[in-house]
Amino acid sequence: MKRGIHTTAIHTGMELEPRDVTPAIHMANTYLFESAEEAAHAFETEGQPIYTRWGNPTIEVLERKIAALEGAEKAVATASGMAAVSSALLAALQDDGPRHIVATTGLYSGTYHFVTKDLPRFGVQTTLAEATDPAAFETAIRPETRAIYLETPGNPTLALNDIAAIAQIAHTRGILTILDNTFATPVNQRPIDLGIDVVVHSATKFLGGHGDAMGGAVAGPAEFVTRVLKGPIRNFGGCISPFNAWLIARGMTTLPLRMERHNANSLRIAEWLHDHPGVAWVRYPWHPAHPQYELAQRQMPGGGGGVVVFELKGGVEAGARLLNRIRLCALTVSLGDVRTLITHPASTTHRSVPRETRIASGISDGLVRLAVGLEDVEDIIADLEQGIGNW
Ligand SMILES: *Cc1c(COP(=O)(O)O)cnc(C)c1O
């Protein structure tokens, strides 16, 4: 019988540890061989631990959980989300010849810089296609296009890519699709079921969920994931620490439970902000005011996620006042924590994105990003209310 999502999150990976109720933390860089023959054999086959950058039993527990929840054949865990993003793209672009990718607008800022600055330095061209328009992706495709890169909901605009429509366009042309599923998590959205080939994650966010360990993952067909491991992870070195893998795997046992609460708290807060007279606009995938509400209902059946964005009527100044007044919400970057975190992207995470590009991609000067935590929702609302004050 196919197991449910909570059971999968808790039990998957533990088949590697039949005698323990929690995984062991294998803080070892290398593993002993009993003979020269065994050492030689380990290098010829898969699966036997040799050296932690190439694989480790604790890391494998995490990889199995992520693969199971995403419905992927295989996953490889990485040092951070950016190690996952860059490794997946480097593996997709490893052949010789002219190379081009199409990426969505509204990318995470690290990804934006990687595809628009770093890749071009290695001779790879990037075209950005309007996130909400599948036809723009089709138009941007060239004969040398090797991959289409999506991120939905986008950070921090919460613009949605129509996953099934874009996957269809890519597949009729034999182009690989990669999707950053950090914001939705596999609890709310399963891109592989919608036709996507490869999913990447910043496990630093919801997967780990407690704001205490950085990590990432690439999940997809076994052949591609093995290419990521044997190429970029081994040779560029973005492997995860076994201790971080252990923390994230532990966090993942409650991922489906936490997401239910992130979803419920966020929807409630989006509704409250929507009705507040001092709020100019609010956007949340599961709130009817989101321009792609119907698409969100279709491709994010689990819920709208844990991020709400809004702008106060007083623009940048009112936003700054709110950030200086809040007490419960933590003024930080990042998201996907048990605590509620609040960010002003224009002055922090997106500071280095040119203003016109930022505004064109929907990140206005006064946009506030709220990464809703698991506190009692009335307490979060009370903090926002006193923070917004007399607007
Ligand atoms: C945070 C984030 C990343 C980068 O992850 P790190 O773990 O910080 O390297 C990539 N994509 C999205 C959508 C993110 O939110």
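**Close-up views of a predicted model**

**Figure 1. Lining of the largest cavity.** Pro153, Leu158, Phe183, Pro285, Gly304, Gly305, Gly306 and Val307 line the largest cavity of this predicted model. The space inside the largest cavity amounts to about 30 Å³. Sorted by class, its lining comprises five nonpolar and three polar residues, with no charged ones.

**Figure 2. The aromatic cluster of Phe43, Tyr51 and Trp54.** These three residues form one aromatic cluster. Across the whole structure, three aromatic pairs are found. Tyr51 and Trp54 make an edge-to-face pair, because their ring planes stand at 75° with the centres 6.3 Å apart, and planes over 60 degrees apart count as edge-to-face. Both residues are partly exposed: Tyr51 has a relative accessible area of 35%, and Trp54 has 28% relative accessibility. Trp54 also has a charged neighbour, as the charged end of Arg234 sits over its ring, 4.4 Å from the ring centre.

Figure 3. The rings of Phe243 and Trp246 are stacked, with 6.4 Å from centre to centre and 5° between the planes. Both residues belong to helix H10 (residues 242-252), where a spacing of three residues separates them by about one helical turn. Phe243 is partly exposed at 38% relative accessibility, whereas Trp246 is buried at 17%.

**Figure 4. Arg283 over the ring of Trp281.** The charged end of Arg283 is placed over the Trp281 ring, 4.8 Å from the ring centre.

**Figure 5. The salt-bridge network of Glu15, Glu60 and Arg64.** Salt bridges link these three residues in a network. Arg64 meets Glu15 with an N to O distance of 3.0 Å, and the salt bridge between Arg64 and Glu60 also has an N to O distance of 3.0 Å. Glu15 lies in the loop between helix H1 (5-11) and helix H2 (36-44), and its pairing with Arg64 of helix H3 (residues 57-70) links distant parts of the chain, 49 residues apart. Glu60 and Arg64, by contrast, are four residues apart in helix H3, about one helical turn. Glu15 is partly exposed at 45%, as are Arg64 at 30% and Glu60 at 27%.

**Figure 6. The salt bridge between Asp365 and Arg355.** The closest N and O atoms of this pair are 2.6 Å apart. Asp365 is partly exposed at 23% relative accessibility, and Arg355 is partly exposed at 47%. The structure has twelve salt bridges in total.

Conventions
Residues numbered from 1 in each chain as written. Predicted model: local features only at pLDDT ≥ 70, side-chain atom pairs only at ≥ 80, totals over all residues. Heavy atoms only, no water. Phe/Tyr/Trp six-rings, centres within 6.5 Å; stacked < 30°, edge-to-face > 60°. Buried < 20%, exposed > 50% of the residue type's maximum accessible area, 1.4 Å probe, protein only. Helix = DSSP H or I, 4+ residues; strand = E, 2+ residues; numbered from the N terminus. Lys NZ or Arg CZ within 6 Å of the ring centre and 35° of its normal. 1 Å grid on protein atoms, 1.4 Å probe; cavity = no way out; pocket = protein on both sides within 12 Å on 5 of 7 lines; lining within 4 Å. Points joined across faces, edges and corners; volume = space filled by probe spheres on them. Nonpolar A, V, L, I, M, F, W, Y, C, P; charged D, E, K, R; others polar. Salt bridge = Lys/Arg side-chain N within 4 Å of Asp/Glu carboxyl O.
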